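This briefing is for a reader new to the structure below. The notes that follow are grouped by topic.

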Amino acid sequence: MFPRHEGLRCLELGLPGPSAEHLVSLVLHGSKRATAGLLAEYEVEGEELEQVGEVQWLLAADGTPARRIEITRVEVVPFAEVTWEFAQAEG
């Protein structure tokens, strides 16, 4: 299962350490507004996909809650169909 805090799912970005610190910083400063994941990971973890309007905790690099985020859009597409708009929003 994905981590939970105060009953909400948590979003972890990157690998622990500098990678996560950098990605969380991009979110907190507004330049990273999207992220992608593998559908297979949801299946392995037994998790449902995010839903529009769902609120989650973005975790800091040390695993503590950094900020609440709200899911505003969810799309399932093959990698080859990822749009330039999405790639830019992913930062």
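Phenylalanine 2 is buried, with a relative accessible area of 18%; buried means under 20% relative accessible area, exposed over 50%, and partly exposed in between, with a 1.4 Å probe and protein chains only. The model is predicted, so local features need pLDDT of at least 70 and side-chain atom pairs count only at pLDDT 80 or more, while totals for chains, interfaces and linings use all residues. Residues are numbered from 1 along each chain as its sequence is written, and side-chain values use heavy atoms, with hydrogens and water left out.

**Aromatic pair**

- One aromatic pair is found in a search of the whole structure. Rings of Phe, Tyr and Trp (its six-membered ring) pair if their centres lie within 6.5 Å; planes under 30 degrees apart count as stacked, over 60 as edge-to-face and the rest as tilted.
- The ring centres of phenylalanine 2 and tyrosine 42 are 5.3 Å apart and the planes stand at 70 degrees, so this pair is edge-to-face.
- Phenylalanine 2 belongs to the segment before strand S1 (4-5) and tyrosine 42 to helix H2 (residues 39-45), so the pair links distant parts of the chain, 40 residues apart. Helices (H or I, at least four residues) and strands (E, at least two) are DSSP runs, numbered from the N terminus.
- Tyrosine 42 is buried, at a relative accessible area of 13%.

**Salt bridges**

- Side chains of opposite charge can pair when their charged atoms come close. A salt bridge is a side-chain nitrogen of Lys or Arg within 4 Å of a carboxyl oxygen of Asp or Glu.
- The count by this rule is six salt bridges.
- One of them joins glutamate 47 to arginine 4, with the closest N and O atoms 3.0 Å apart. This pair links distant parts of the chain, with glutamate 47 in the loop between H2 and strand S3 (55-59) and arginine 4 in strand S1, 43 residues apart.
- Arginine 4 counts as partly exposed, at 40% relative accessibility.
- Glutamate 47 also meets arginine 9 in a salt bridge between their side chains (3.2 Å, N to O). Because glutamate 47 lies in the loop between H2 and S3 and arginine 9 in strand S2 (residues 8-11), the pair ties together parts that are 38 residues apart in sequence.
- Arginine 9 is buried, at 9% relative accessibility.
- Arg4, Arg9, Glu47 and Glu54 are linked in a network of salt bridges.
- Another salt bridge is formed by the side chains of glutamate 75 and arginine 73 (2.5 Å, N to O). Glutamate 75 is partly exposed, with a relative accessible area of 48%, and arginine 73 is exposed, with 52%.

**Surroundings of glutamate 47**

- Glutamate 47 is buried, with a relative accessible area of 11%.
- Its side chain reaches the backbone nitrogen of phenylalanine 2 at 2.8 Å.
- The side chain of glutamate 47 also makes a polar contact with the side chain of arginine 4 (3.0 Å). A polar contact is a pair of N or O atoms within 3.5 Å; within protein, one must be able to donate a hydrogen and the other to accept it, and residues adjacent in sequence count only if both atoms are side-chain atoms.
- With its neighbours within four places in sequence left aside, glutamate 47 is in contact (heavy atoms within 4.5 Å) with Met1, Phe2, Arg4, Arg9 and Tyr42.

**Helix H1**

- Ala20, Val24, Leu26 and Val27 are buried in helix H1 (residues 18-28). They cover an arc of only 155 degrees around the axis, which puts them on the same side of H1. The arc is that of the directions from the helix axis to the C-beta atoms.
- Exposed residues Pro18 and Glu21 are carried by the face of H1 turned away from its buried side.
- S3 and strand S4 (65-70) are included in what covers the buried residues of H1.
- Glycine 30 follows H1, and its phi is positive, near 85 degrees.

**Sheet**

- An open sheet is formed by four strands in the order S1-S2-S3-S4, with mixed pairing. Two strands pair if DSSP finds at least two bridges between them.
- S1 and S4 are the edge strands, each pairing on one side only.
- S3 and S4 run antiparallel and are joined by five bridges.
- Proline 65 in S4 is the bridge partner of leucine 59.
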